[in-house]
Amino acid sequence: MSQTVIYRNLIIETDTPLPTSESIKQLEAALGVSLPDDYKTFLSHCNGGDMDYQIDVQFPGGSSEFIGFSGLYSVTEGEWGTNPFELYQARAVSEFPSTGVLPIADDGGGSILYLDLRDEYRVVAFVHGLPAWTGLREEDSLIQLASSFDDYLSKLVICDEIAQHHIEHFEITPESVASTIEWLDSGNKDWRSKFSKLWNERVPKDAHSEEE
């Protein structure tokens, strides 16, 4: 059964039991190095799930794009979306490092988030290139996003495009209004001023008790 976990002010939906100490040790043995403390602390609170936030990825050449690595992998016996299964799949690709690099999340479109623990601790992303007609990045890129997992979490936001789309399209009930307010507050500090007109047009005052 799915549950909501709040970790470092971020809202995560998960249905996976917390990992055992034995499963963590097995993953570390497969990885060839110890997991960093901040990532193990995260796993002790939330073992994978869905986290609807984005990070502003800066590409070589000066362009940028918000990307959401929202599918967090769990540490458990399983297949896609779990470790060490995802680690073994990654290693089946030629030239993937044999130790010290762990896939931990994806965006659902071919881009993958990794912990790179080889020389120094960092969080990197393989960003999959898109077709030219999208007008977005066409080349595959490997980009450092943060110096640690906690640093990565601190950079997550709800970008304006996602916030606006959600406000425009979510099904309005008292429960969904309350959860939307909580989610937007957690990741977009300016949404109330930027989207007040849109919000007031869509959400009846009697749909929630909080004044906007």
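The legends below describe close-up views of a predicted model.

**View 1. Strand β10 and its burial.** Strand β10 spans residues 112–116, and because 5 of its 5 residues are buried, this strand is largely enclosed by the rest of the structure. The cover extends to both faces of β10, with I112, Y114 and D116 buried on one side and L113 and L115 buried on the other.

**View 2. The hairpin of β9 and β10.** Strand β9, made up of residues 101–106, runs antiparallel to β10 and is joined to β10 by 5 bridges. Within this pairing, D106 stands opposite I112 of β10. The two strands form a hairpin with 5 residues between them, and in the turn G108 has a positive phi of about 80 degrees.

View 3. I112 has F126 as its bridge partner in β11, while D106 is the residue opposite I112 in the pairing of β9 with β10. Between β10 and β11 lie 5 residues, and these two strands form a hairpin.

View 4. D38 belongs to helix α2, which comprises residues 37–45. This aspartate is buried yet has no salt bridge, and the nearest side chain of opposite charge, that of R8, is 7.5 Å away, whereas a salt bridge would require the charged atoms to lie within 4 Å. The side chain of D38 does make a polar contact, at 2.7 Å, with the side chain of Y121. When neighbours within four places in sequence are left aside, D38 is in contact with Y7, Y121, S148, F149 and D150.

Note on methods: Residues numbered from 1 in each chain as written. Predicted model: local features only at pLDDT ≥ 70, side-chain atom pairs only at ≥ 80, totals over all residues. Heavy atoms only, no water. Buried < 20%, exposed > 50% of the residue type's maximum accessible area, 1.4 Å probe, protein only. Helix = DSSP H or I, 4+ residues; strand = E, 2+ residues; numbered from the N terminus. Pairing = 2+ DSSP bridges. Lys, Arg positive; Asp, Glu negative; His and termini not counted. Polar contact = N/O pair within 3.5 Å; in protein donor to acceptor, adjacent residues only side chain to side chain. Contact = heavy atoms within 4.5 Å.
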